[in-house]
Amino acid sequence: MQRAAPQQFDRVLSSMCTKPHPAAREAAERFLATNPGDPATYQAVAAQEEDALASLGEITGLDEPHGYIASGGTEANIQAIRAARNLVRDDNPNVVAPESIHFSFQKAADVLGVELRIVPVDGDYRADTEAVREAVDDHTILVAGVAGTTEFGRVDPIPELTDIAHDAGALMHVDAAWGGFILPFTDHEWSFAHAPVDSMTIDPHKYGQAVVPAGGLLFRNKEVLDALAVDTPYLESASQASLTGTRSGAGVASAAAAMRELWPDGYRETYERQQANANWFYNELVARGYDAVEPELPLVAARLPEPEFDSLRDLGWRISRTASGELRVVCMPHVTRESLRAFLADLDDIARGPARN
Ligand SMILES: *Cc1c(COP(=O)(O)O)cnc(C)c1O
């Protein structure tokens with residue numbers, strides 16, 4: 001009998017996950033049967049988590065990071081809101097976020113019973129600060145901004161949003177799940193070093209090249225993390241801040257290994273190569289007359305007629321659309337110039353039509 005095999009990565013153009021770095025894969029295998037949810041029993045993986053946290057702190061400009069390696073950006077976002085809710089204790093709490101916010105915020109609002117106030121973005125897909133200012137009130141517990149949006153790769157004005165949040169007595173959260181391993185090499189103001197941001201989501205299992213599952217949740221102040229802790233009577237450890245109980249030591253060890261291996265030079269090289277690929281791909285699309293959104297980070301969105309989109313999918317290209325219908329190509333570390341060329345060649349064939357094929 002043949003063993004089942006996962007997908008190849010050569011035609012995967014819209015995913016935010018990628019091939020793990022070999023060092024991350026090796027560490028994941030070594031730590032498969034460990035549980036960082038019980039650090040007093042599983043001390044070796046607990047040390048790996050400390051290591052991973054210290055690296056995330058360096059990457060995001062935080063000297064003394066508090067937090068943990070979560071199952072992904074979804075858990076980290078839920079937990080950031082939960083921490084704010086537990087700390088602020090309002091009887092009718094709301095969270096204000098731009099419409100570019102990731103759909104995990106809807107899950108968070110739903111499970112936590114918090115109102116999610118979505119405000120418009122500006123003409124360049126960034127949070128409209130005036131709209132955010134109007135939406136916050138005495139019951140706002142948290143304002144969220146995105147550093148590297150899922151659909152267009154845009155960075156919200158984090159320092160301005162942080163001022164608005166703090167003026168309203170709310171916490172400021174930055175969702176850098178996708179952008180966190182790219183942004184250190186750009187001029188954007190997005191991190192703990194650029195503004196008194198309270199919490200951040202940053203996913204090692206995306207641009208960090210760790211194995212799935214490895215998300216990151218960081219807090220500037222320990223008291224905010226502590227607002228998540230519950231007592232854990234039957235474990236060797238006394239309390240637990242994570243949302244899941246037993247969790248993946250493979251994810252934790254792989255995140256630590258990937259960052260040891262790649263921060264900063266490996267990540268910088270990856271960013272530079274993939275940004276060049278995104279810029280090249282954008283120019284190729286524009287030269288063909290397609291309406292494309294200029295990439296600020298390695299992510300290109302473009303209007304593509306439905307028949308072309310469907311034909312490309314039929315050819316095995318793994319592509320998706322934004323909510324407003326654009327094709328989105330995420331230049332993750334596995335996406336090569338060669339595969340983008342092959343994609344454009346297929347697009348040209350399709351656009352030329354069957355008559356001349
Ligand atoms: C991917 C992503 C998430 C969700 O992360 P998961 O790891 O898929 O749970 C949240 N926010 C942003 C900006 C993302 O790109």
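Asp-124 counts as partly exposed, at 25% relative accessibility. This and every other value below refers to a predicted model. The side chain of Asp-124 meets that of Arg-154 in a salt bridge, at 3.1 Å from N to O. Asp-124 sits in the loop between β3 and α5, while Arg-154 sits in the loop between β4 and α6, so the pair links distant parts of the chain, 30 residues apart. Arg-154 is buried, with a relative accessibility of 3%.

Arg-126, also placed in the loop between β3 and α5, has Glu-296 as its salt-bridge partner, and the closest N and O atoms of the two are 2.3 Å apart. Arg-126 is buried at 19% relative accessibility, whereas Glu-296 is partly exposed at 25%. Through shared partners, salt bridges join Asp-124, Arg-126, Arg-154 and Glu-296 into one network.

## Arg-260 and Asp-51

The structure holds 18 salt bridges in total. One of them is formed by the side chains of Arg-260 and Asp-51, with an N to O distance of 2.4 Å. Arg-260 is in helix α8 and Asp-51 in helix α2, and the two are 209 residues apart, so that this pair, too, links distant parts of the chain.

Both partners are partly exposed: Arg-260 has a relative accessible area of 47%, and Asp-51 has one of 27%.

The protein is divided into domain 1, residues 22-262, and domain 2, residues 265-350. Their centres, taken over C-alpha atoms, are separated by 28 Å. Domain 1 puts 25 residues into the contact and domain 2 puts in 24 residues.

About 2,000 Å² of area is buried between the two domains, and carbon and sulfur atoms give 63% of that area. The count of salt bridges between domain 1 and domain 2 is one.

## Nonpolar cores

The largest nonpolar core has 57 residues, and those touching the most other members are Val-132, Met-172, Val-174, Trp-178, Phe-181 and Met-259. Two or more residues each come from α1 (22-30), α2 (43-60), α5 (129-135), α6 (158-167), β5, α8 (249-262) and α9 (265-287). Helix α8 gives the most, with eight residues. Domain 1 and domain 2 each supply at least three residues to this core.

Leaving aside residues up to four places away in sequence, Val-132 touches Val-96, Val-119, Val-143, Leu-161 and Ile-164. Another core lies apart from the largest one; it has 26 residues, including Ala-76, Val-146, Leu-171 and Leu-217.

## Helix α4

Helix α4 spans residues 104-112, and its buried residues are Ser-104, Phe-105, Ala-108, Ala-109 and Leu-112. These residues cover an arc of only 140° around the axis, which means that they lie on the same side of α4. On the other side, Gln-106, Asp-110 and Val-111 are exposed.

The buried residues of α4 pack against α3 (73-88), β3 (115-119), β4 (140-146) and β5 (171-175). Gly-113 follows the helix and has a positive phi, near 65°.

## Lys-206

Lys-206 is located in the loop between β6 (199-201) and β7 (215-219). Its relative accessible area is 13%, and because the limit for a buried residue is under 20%, Lys-206 counts as buried.

With residues up to four places away in sequence not counted, Lys-206 touches Met-16, Thr-18, Ala-177, Trp-178 and Met-332. Of these contacts, Trp-178 is also among the residues that touch the most other members of the largest nonpolar core.

How values were computed
Residues are numbered from 1 along each chain as its sequence is written. This is a predicted model: local features need pLDDT of at least 70, side-chain atom pairs count only at pLDDT 80 or more; totals for chains, interfaces and linings use all residues. Side-chain values use heavy atoms; hydrogens and water are left out. Buried means under 20% relative accessible area, exposed over 50%, partly exposed in between (1.4 Å probe, protein chains only). Helices (H or I, at least four residues) and strands (E, at least two) are DSSP runs, numbered from the N terminus. The arc is that of the directions from the helix axis to the C-beta atoms. Contact means heavy atoms within 4.5 Å. A nonpolar core is a set of buried Ala, Val, Leu, Ile, Met, Phe, Trp, Tyr and Cys residues joined through side-chain atoms within 4.5 Å. Domain bounds come from an automatic or database domain assignment. A salt bridge is a side-chain nitrogen of Lys or Arg within 4 Å of a carboxyl oxygen of Asp or Glu. Buried area is the accessible area (1.4 Å probe) that two parts lose on being put together, summed over both.
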